[in-house]
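Biologist: I have a model on screen and want to learn how to read it. Can we go feature by feature?

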Amino acid sequence: MAEVTLSRVQKSYGALDIIHGADLGIHDGEFVVLVGPSGCGKSTLLRMIAGLETITGGTIRIGGRVVNDLDPKDRDIAMVFQNYALYPHMTVATNMGFSLEHRGTSKAEIAERVNWAADILGLTQLLDRYPRQLSGGQRQRVAMGRAIVRNPQVFLFDEPLSNLDAKLRVVMRGEIKSLHQRLKTTTIYVTHDQVEAMTMADKIVVLNAGKVEQIGAPLDLYDRPANQFVAGFIGSPSMNFLDGTITENGFAAPGILLPLPQMSLEVNGRKAVYGIRPEHFALDDSGVPAQILLVEPMGSETQVTMKLGETEVTGVFRERILLSSGAIIRVLPDRANIHLFAVDGGPRLN
Amino acid sequence: MKTEISPRLKVFLYGLMCVLLIPFVFPTWWMVTSSVKPISDIFAFPPQLLPQSYDWTTYRKVFELQPFVHQYWNSAYIAAIVTFGTMIVSSMAGYAFARIKFPFANTVFMIVLLGLLIPSEVTIVPLFQMFLKAGMVNTHWPLILTPIFGAPSVFATFVMRQFFVTLPVELEEAARVDGLGRFKIFRKIALPLAKPALASVAIFTFLHSWNLYLEPIVFLSSADKFTLPQALTQYTDAYGGPMWNIQLAAATLTALPVLIVFIIAQKQFVEGLAHTGLKG
């Protein structure tokens, strides 16, 4: 187990900057998820920590030791790859013990460690099989087994669940989380799936276009996103945004006036983006009118696509709404959960 | 997607394949049957598909007229060394071209590939002069060194490179994390996975060396150093006319190991070619 610290870490390919000076501190035993859209640089950052990519600038420390110029094998890390990267010509047991074999570990100890890992991951019956004889979930477990068998200081996961079907993904998510709770090894996990990030992380790092947008606990990011990008990325269905102006009477969006939270009036007259999550609308006769465009009953809740003034938004209600397209309902945004952001991707205002 | 073929179409396709088989199978059939015919029957008209009488002494004469066992050994050990050497050179070079980043890698690869465009007839004279200076004429060295570092090896390098390009990079990255250096990654991960491509390289190279004709007749002059294709031309009567039945018996014996190797390894051969994107 170890702390991982990134200070002003940069990556460029020629003139193209991929990572723009990332700062990140990961505590001993923490489960940190790097999340962001495709091409945001999250995998590159992970590969830089692993030593599979060189770094252009900055410092990476693992367990207090600067590892910038160390080979992956000398960083005491283990990595689980997106496509598992199991050696096709080796059995499960050989795959898992391969790294130990190359570190001069005795055969007896290798067997002991492999059996221990296989026992934890439910692979004992599969040790003599080849990767081609395993299902996707089993391969995923072997990849994890290969990582834990070495007892490294840090686990690195690069989108490990993206090749699995939705149901198996949920199962494996739970398994990875419980493995972490059992081993308490510092873990850095990359995903583009914000649900994975929310459910697994102790701390989420949201990346966009090579920049760290926000670092925080999952619910902190959900409740207090630092900017419009984070607000839109975290949460499903995603937050609604309305462009408009902050006035004394409320937020003037095209065709509608929306209530504002308690805040200083210094921002009066300022153009801003009004953010509200779909579940923070309530059906209320004192609310603003909204024209229904689409009703999607989910059973436990109802998802409604509606028009607030001239802007299309999504609302999620606990109530069952039996109205059809074109009907008018009155909805009230929850004042405690209204987010105001500066225009053009600027910071949070309230 | 699996498509259903009607029985009628199936019969037609099999019939067509049988017809197409004739140009490939007939010469072999002719060679084998003629090797046990008396010489007068070989050119009889109408041609005899099956021998009317069998003359098995031709096979004994093959060994009496030439040091055939010795020549067989020459061909076999040269082909074995060339095959093994080419497998080593081409797998390492192919891996380097596919995976190691070095300046002008693609340009160098193109230049190496250009070697394939130069016919061996063009290079044979300078090669002869080179080996003459080195005192290697009338030895087996030219037949070993030329293919290992010449055109056949370039082709093999191309085949191996094409295979290594298709290997997932993550496998090597996983090996790096597991503690392996470049050479161990090549030996422990890349090479074991390259068995199909190596098998096709081995068959190609073995066949090429086994059938080599121009180089032996240029570089070798004593009968005990001859290889099989060259030895086949030596079965002549007192007037220089070919003794067809004995020659064809020797040819049958020459073709035998190649046939056996191909039958054993044809699966790998086809798989290996499939990986390179080449068609036969």
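Biologist: Where is the kink in α6(B) centred?

Modeller: First, the ground rules. This is a predicted model, where local features need pLDDT of at least 70, side-chain atom pairs count only at pLDDT 80 or more, and totals for chains, interfaces and linings use all residues. Residues are numbered from 1 along each chain as its sequence is written, while chains are lettered from A and ligands numbered from 1 in the order in which they are written. Now the idea: the bend at a residue is the angle between axes fitted to the seven residues ending there and the seven starting there. Helices (H or I, at least four residues) and strands (E, at least two) are DSSP runs, numbered from the N terminus. In α6(B), the kink is about 30° and centres on P126(B).

Biologist: How many helices and strands does chain B have?

Modeller: Chain B has 14 helices and zero strands. Its C-alpha trace spans about 70 × 65 × 30 Å along the principal axes.

Biologist: What is the strand order in the open sheet of four strands in chain A?

Modeller: Two strands pair if DSSP finds at least two bridges between them. Here the order is β2-β1-β4-β5 in chain A, with antiparallel pairing. β2 (16-26) and β5 (65-66) of chain A are the edges; each has a single partner strand, so one side of each lacks a neighbour in the sheet. Seven bridges join β1(A), residues 4-13, to β2(A). K11(A) has I19(A) as its bridge partner in β2(A).

Biologist: In the hairpin of β16(A) and β17(A), which residue takes a positive phi?

Modeller: G309(A) does, near 60°, and two residues lie between the strands. β16(A), residues 302-308, and β17(A), residues 311-317, run antiparallel and share seven bridges. M306(A) is partnered with V313(A).
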